[in-house]
Amino acid sequence: MLKTNKTRQLVADFVVIEDEKEKFVKSATITFDNQGASVYNDYISDKELYAKHRTEMRKDEAKLNALRYEIEDQIIAELEAESEVGSPTEPDVDTVVGSE
């Protein structure tokens, strides 16, 4: 038996420019479930660069968080539109396929 679950994922890389070179600082992943809830995970690969550029990093983190809320709201609006129409535009996310 195969069970599937539709999700959306957003991956962001935080970089800075130093000595005319792009340097990777941090990665963040946001996963959205089929109800519009999200989980945020991040990893700082260069803590010194993060600390040095924390003002810029925090501004970018705020932009990412705003995008996160925008996507959550979009998913919820899609769910509300589907429930008003009475028939979803896509198959149910928790569909069981090929049961024996």
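Me: Leaving aside its neighbours within four places in sequence, which residues is E22 in contact with?
Reply: The model is a predicted one. In it, E22 is found in strand β3, which covers residues 21–32. With neighbours within four places in sequence set aside, the contacts of E22 are V15, V16 and I17.

Me: Is E22 buried or exposed?
Reply: The relative accessibility of E22 is 61%. A residue counts as exposed when this value is over 50%. E22 is therefore exposed.

Me: Which residue of β3 is the bridge partner of V15?
Reply: Strands β2 and β3 run antiparallel and are joined by 11 bridges. One of the residues with a bridge partner in β3 is V15, and that partner is F24.

Me: In what order do the three strands of the open sheet lie?
Reply: The pairing in this open sheet is antiparallel, and its three strands lie in the order β2-β3-β4. Two of them, β2 (8–18) and β4 (38–44), pair on one side only and are the edge strands. The twist from one strand to the next averages 20°.

Me: At about what angle to β2 does helix α2 run?
Reply: Helix α2 comprises residues 54–85 and lies across β2, β3 and β4. Its direction relative to β2 is given by an angle of about 165°.

Me: How far apart are the end C-alpha atoms of α2, and what span should its 32 residues have?
Reply: At 1.5 Å a residue, the 32 residues of α2 should span 46 Å. The distance between the end C-alpha atoms agrees with this, at 46 Å.

Me: Which residues of α2 are buried, and what does their cover include?
Reply: An α-helix has 3.6 residues a turn, so residues three or four places apart point the same way. The buried residues of α2 are M57, E61, L64, R68, I71, E72 and I75. Their cover includes β2, β3, β4 and α1 (47–52).

Me: What pattern does the protein chain follow along the sequence?
Reply: The protein chain has two helices and five strands. Read along the sequence, these elements give β-β-β-β-α-α-β.

Me: What percentage of the residues in the protein chain is buried?
Reply: To count as buried, a residue must have under 20% relative accessible area. Among the 100 residues of the protein chain, the buried share is 25%.

How values were computed:
Residues are numbered from 1 along each chain as its sequence is written. This is a predicted model: local features need pLDDT of at least 70, side-chain atom pairs count only at pLDDT 80 or more; totals for chains, interfaces and linings use all residues. Side-chain values use heavy atoms; hydrogens and water are left out. Helices (H or I, at least four residues) and strands (E, at least two) are DSSP runs, numbered from the N terminus. Buried means under 20% relative accessible area, exposed over 50%, partly exposed in between (1.4 Å probe, protein chains only). Contact means heavy atoms within 4.5 Å. Two strands pair if DSSP finds at least two bridges between them. Axes are lines fitted to C-alpha atoms, for helices over the stretch in contact, and angles run from 0 to 180 degrees between N-to-C directions. The expected span of a helix is 1.5 Å times one less than its number of residues.
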